Amino acid sequence: MSLQNFLSALDALQSEAIATLDAASDPEAFEAARVKYVGQKKGALKDIQKQMGGVAADDRKSAGMRLNEVKQAIEKAVAEAQSRLSGGGDSGVDPTFDPTLPGVRPTIGHIHPITQTITHLTEIMGRMGFEAAEGPEVEDPHHNFVALNIPEDHPARDPLDNFYLATAATGTEKQNIEGTRLLRSQTSTVQIRVMANRKPPVRVISLGRVYRPDDPDATHFPMFHQMEGLLVDTHVTMANLKTVLRVFATNYLGGDVEIRFRPSFFPFTEPSVEVDFLWDGNWIEFGGAGMVDPNVFRAVGYDPEEVSGFAFGLGVERLCMRRHGIKDIRDLYSGDMRFLSQF
Ligand code: DAH
């Protein structure tokens, strides 16, 4: 075959194949055209490739080059027809999407370390018979102060030391007027809420957020968590309190933990103590405790001649930090996943 004839046969094949593929309007027509032109066995391209053997040896190079061009043009038309009939651009499939590339690992969240600590503490105290109770974070002065034997002129009620919610009144007036609300500054509020609603004996803990206008530093944050404990029964002693706290600390912090009571004062306990744990060779205060003050029992309608009890309040962040060796409370609330994902 002359080069001339071969090239015009190629041209004819190219225009016919492209026209047919472009005109294919359903998958059957497309498949028939595909087999007809680029089929591996009897396709027209394969056919014409064989005929190239009949072209003079000198002309084969240019014949081969043209054949390749035609082949590519037809294959392109096949691909276009295929994508057009399978929905083409409308299918939402990104043509640059490469399914063989490794995927993006989905990030799976996990429980915040403080929430994990709350679950753990609740579980340890539950084993000693303490049931979890809850109270609101927006409190009234009765539960946050009055029933806890904190008198009106006590510095703990100062507007500068509490988050009072907006009212018409300003300054010191605010803490006294009816309808005043504040973000609770301690979980001791729950002692009152529980005792006002049930008869002794009582054995509860309450874990939750408390708020104080402190400037954040390594050991302070304006929002933090406390674990409150309250046990009311007959003949409760301070030895019971110390035992419960020692068993608790041993369980949560490990067998090597040392605990110390220091005389102190809280309006709602008498006597009162500060509870210290040993941390890196130093005694660190983890909270307060004491025997429930008779005035608190009276405020909830209990008879202080009949019942006695102890109460304690511990800092949840401090416990979590001591257990995990965290040095700065702000790390817990920075939202920095490099820190949080370690827990
Ligand atoms: N409510 C106290 C505080 O936030 C801690 C506390 C001390 C709680 C003594 C108690 C207690 O139950 O008996 O500083």
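F286 has a relative accessibility of 2% and therefore counts as buried, where buried stands for under 20% relative accessible area, exposed for over 50% and partly exposed for what lies in between, with a 1.4 Å probe and protein chains only. W279 is buried as well, with a relative accessible area of 15%. This is a predicted model, in which local features need pLDDT of at least 70 and side-chain atom pairs count only at pLDDT 80 or more, while totals for chains, interfaces and linings use all residues. Residues are numbered from 1 along each chain as its sequence is written, and side-chain values use heavy atoms, with hydrogens and water left out.

**Aromatic pairs**

The structure holds 8 aromatic pairs; rings of Phe, Tyr and Trp (its six-membered ring) pair if their centres lie within 6.5 Å, and planes under 30 degrees apart count as stacked, over 60 as edge-to-face and the rest as tilted. Two of these pairs are set out below.

| Pair | Centre to centre | Angle between planes | Class |
|---|---|---|---|
| F248 and Y252 | 6.3 Å | 5° | stacked |
| W279 and F286 | 6.3 Å | 40° | tilted |

F248 and Y252 are separated by about one helical turn, because they stand 4 residues apart in helix α8 (residues 238-253); helices (H or I, at least four residues) and strands (E, at least two) are DSSP runs, numbered from the N terminus. F248 is buried at 0% relative accessibility, and Y252 is buried with a relative accessible area of 1%. Elsewhere, ring pairs link W279 and F286 with F277 into a cluster.

**Strand β5 and its partners**

Strand β5 (residues 202-211) is mostly covered, since 8 of its 10 residues are buried. Two strands pair if DSSP finds at least two bridges between them. With strand β1 (residues 131-132), β5 pairs in the parallel sense over 2 bridges, and here E131 has V204 as its bridge partner in β5. Strand β6 (residues 223-233) runs antiparallel to β5 and is joined to it by 10 bridges, with R203 standing opposite L231 of β6.

**Helices α1 and α3**

The axes of helix α1 (residues 3-23) and helix α3 (residues 44-51) come within 11 Å and cross at roughly 175°. That angle makes α1 roughly antiparallel to α3, a class for angles over 145 degrees, whereas those under 35 count as roughly parallel, 65 to 115 as roughly perpendicular and the rest as oblique. Axes are lines fitted to C-alpha atoms, for helices over the stretch in contact, and angles run from 0 to 180 degrees between N-to-C directions. In α1, F6, A9, L10 and L13 meet A44, L45, I48 and Q51 of α3, contact meaning heavy atoms within 4.5 Å.
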